[in-house]
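Notebook open, model loaded. I want to go through this one piece by piece and jot down what I look up.

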Amino acid sequence: MASENNKNILLVLDLDETLIHATETQLEIPYSFTYADYFIYNRPGLEEFLKTISVDFDLAIWSSADDRYVEDIVAQITPPIIDFKFIWGRSRCTTRRDYSLDIYVHEKRLKKVKKQGYNIERMLIVDDSPEKTKDNYGNAIYVNPFEGDQEDRELQLLVKYLSSIKDLKNIRSLEKRGWRNQI
């Protein structure tokens, strides 16, 4: 259980289309590894991102994908020096029906993380899907979805941005929309 006096900001990272891209159709570039029927492509700079950002932030993974898939993929992409505070999958999400789109959305509500002893003012969630984190206004950083583009530089930009805000006492007080322009 975390302490209310967390030294570092907790950075909760999404998996699919944020850190990796998983597809049943092989792209015309080398894949990072395979999992079941999926070709997995790591986002460019993933390992360096995790190593660099772990110096100043506590890290966690929260994906809306199946729990076993999440655990297995994270085991493949995690550098040995990284110790995630938690790795959560769909079972920790809240399922909500979006009647306008006629779909079910698996939401990641940070109040569940708060119940683990983390301070909401010292939490960030990084995701490519605003609909899954809509209840986390003030804590969310939205990244462009990664779909295998090897020229993608989102993680390098994110490191610069996160490094500039690592010492904030209340992360919710900072406007994070347009974060790329704040670097």
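I started at Ser63, which I found in the loop between β5 and α2. Helices here are DSSP runs of H or I with at least four residues, strands are runs of E with at least two, and both are numbered from the N terminus. This is a predicted model, where local features need pLDDT of at least 70 and side-chain atom pairs count only at pLDDT 80 or more, while totals for chains, interfaces and linings use all residues. Residues are numbered from 1 along each chain as its sequence is written, and side-chain values use heavy atoms, with hydrogens and water left out.

Is Ser63 buried or exposed? Ser63 has 1% relative accessibility, so I put it down as buried. The cut-offs are under 20% relative accessible area for buried, over 50% for exposed and partly exposed in between, with a 1.4 Å probe and protein chains only.

Next I looked up what touches Ser63. Leaving aside neighbours within four places in sequence, Ser63 is in contact with Asp14, Leu15, Asp16, Val70, Trp88, Gly89, Arg90, Cys93 and Lys108. Contact means heavy atoms within 4.5 Å. I also checked Phe146: Ser63 and Phe146 are 83 residues apart in sequence and 15 Å apart in space, C-alpha to C-alpha.

**Five-stranded sheet**

I traced an open sheet of 5 strands in the order β6-β5-β1-β9-β10, with parallel pairing. Two strands pair if DSSP finds at least two bridges between them. β6 (87–88) and β10 (140–142) are at the edges with a single partner strand each, so one side of each has no neighbour in the sheet.

I then went along β9 (residues 123–127). 4 bridges join β9 to β1 (residues 9–13), and the two run parallel. Val12 stands opposite Ile125, and the bridge partner of Leu11 is Leu124. To β10, β9 pairs in the parallel sense over 3 bridges, with Val126 opposite Ile141.

How many residues of β9 are buried? I get 5 of the 5, so β9 is largely enclosed by the rest of the structure. In a regular strand the side chains alternate between the two faces of the sheet. In β9, Met123, Ile125 and Asp127 point one way and Leu124 and Val126 the other.

I found α1 (residues 46–53) lying across β1 and β5 (57–62), at about 160° to β1. Angles run from 0 to 180 degrees between N-to-C directions, with axes as lines fitted to C-alpha atoms, for helices over the stretch in contact.

For α4 (residues 154–165) I checked the length. At 1.5 Å a residue its 12 residues should span 16 Å, and the end C-alpha atoms are 17 Å apart, which agrees. The expected span is 1.5 Å times one less than the number of residues.

Which residues of α4 are buried? My list is Glu154, Leu155, Leu158, Val159, Tyr161, Leu162 and Ile165. These pack against β1, α1, β5, β9 and β10.

The axes of α1 and α4 come within 9 Å and cross at roughly 10°. From α1, Leu46, Phe49, Thr52 and Ile53 meet Leu155, Leu158, Val159 and Leu162 of α4.

**Three-stranded sheet**

I finished on an open sheet of 3 strands, in the order β2-β4-β3 with antiparallel pairing. β2 (20–23) and β3 (33–35) are the edge strands, each with a single partner, so one side of each is left without a neighbour in the sheet. The twist averages 30° from one strand to the next.

β4 (residues 38–42) is joined to β3 by 3 bridges and pairs with β2 over 4 bridges. Ile40 in β4 has Phe33 opposite, and Ala22 also stands opposite Ile40. In the hairpin of β3 and β4, with 2 residues between the strands, Ala36 takes a positive phi near 50°.
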